[in-house]
Amino acid sequence: MKLPLLVLVGPTAVGKTALSVAVAQAVGAEIISGDSMQVYRGMDVGTAKITPAEMGGVPHHLIDIKDPDEDFSVAEFQARVDGLVREIHARGRLPMLVGGTGLYVRAVVEAYTFTELDPDPELRQRLRQEEEERGPGFLHARLAEVDPVSAARLHPNDLFRIVRALEVYHLTGIPISATQTAATSQPRYDDLVIGLTMDRQQLYARIDQRVDAMLAAGWLDEVRRLLGRYPPHLKPMEALGYRELVLYLRGMLTWQETVALIKRNTRRFAKRQFTWFRRERRLIWLDVTTPTARNQAEAEIVRLVKERWP
């Protein structure tokens, strides 16, 4: 019998964190973070990481489990979530996966298999140097020649994953898209997948406001501290917002340009999240544009959970 799993997804800034805590309190759930950046210690402000006070007594998992210079793959995430689902279920509670990293969520709910491959630091460095010498987009164009499926999925600025895809192809001769395959169309869990949505313009306004709040809360100082310990080319340092603030600290952008770029790129990221989640099967969309709609969505999720797993 497949174990139950409640999944809550949606774009950045839509309000997943607060709503997930309220639902978890109502149904006796423990939350598993499905955010690829909140696993890293010291990256708190820029990832909008939940605080202990905001957790409301609800256990949260897969937060602050790695240092920024430690590897963390989708395959490891999948394995860790599988273990947590069993542990939480054994405690008589409901596991609840919450996040906006589409590939991570899909790796849990679908039967994905992954081919592990040790990194080649020298090859990665050569590829990055080529990108710097040839200009932005060079590696993405090369990837499109050898692995068009991955190239279509990756943004040209997502240098970390582009380099990884080229690395896999160079070392194996097989496109990385061929090593990450859905083994079956059947879900891995008895899952209930909920997607939060809201009016697009209101979401963009919330994104702009949140960026301002994060910067006011010390995001730039957080990046300074991280750069004092880690090099800027690490995967976490190239995350949304961190990359732009690194460029500012290196004198390559003005402050005004930096803030505008973070807001623009975050809005574009939210749009891509919408596109990704709209392809997901079995997803139930709930609108949270207004406070009333948010309360109704919370009540509807609780109702669906109790109906599904009485």
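User: Which residues of H13 are buried?

Analyst: The general idea is to look at the relative accessible area of each residue, where buried means under 20%. In this predicted model, the buried residues of H13 are Ala293, Ala297, Ile301, Val302, Leu304 and Val305.

User: Turning to charged side chains, how many salt bridges does the structure hold?

Analyst: One looks for a side-chain nitrogen of Lys or Arg within 4 Å of a carboxyl oxygen of Asp or Glu, and the structure holds 23 such salt bridges. Among them is the pair Arg93 and Glu30, whose side chains meet at 3.4 Å, N to O. Arg93 lies in the loop between helix H2 (74-90) and E4, while Glu30 lies in strand E2 (residues 29-33), so the pair ties together parts that are 63 residues apart in sequence.

User: Are Arg93 and Glu30 buried or exposed?

Analyst: Arg93 is partly exposed, with a relative accessible area of 31%, whereas Glu30 is buried at 4%. Glu30 and Arg93 also belong, with Arg91, to a network linked by salt bridges.

User: Which residue forms a salt bridge with Lys49, and where do the two partners lie?

Analyst: Lys49 pairs with Asp64, their closest N and O atoms being 2.5 Å apart. Lys49 is in the loop between E2 and E3 and Asp64 in the loop between E3 and H2, so that this pair links distant parts of the chain, 15 residues apart. As for accessibility, Lys49 counts as buried at 9%, while Asp64 is partly exposed at 35%.

User: What does the pair Arg41 and Asp67 look like when read in this way?

Analyst: The side chains of Arg41 and Asp67 meet in a salt bridge of 3.0 Å, N to O. This pair links distant parts of the chain, with Arg41 in the loop between E2 and strand E3 (60-61) and Asp67 in the loop between E3 and H2, 26 residues apart. Arg41 counts as partly exposed at 36% relative accessibility, and Asp67 is partly exposed with a relative accessible area of 25%.

Notes: Residues numbered from 1 in each chain as written. Predicted model: local features only at pLDDT ≥ 70, side-chain atom pairs only at ≥ 80, totals over all residues. Heavy atoms only, no water. Buried < 20%, exposed > 50% of the residue type's maximum accessible area, 1.4 Å probe, protein only. Helix = DSSP H or I, 4+ residues; strand = E, 2+ residues; numbered from the N terminus.
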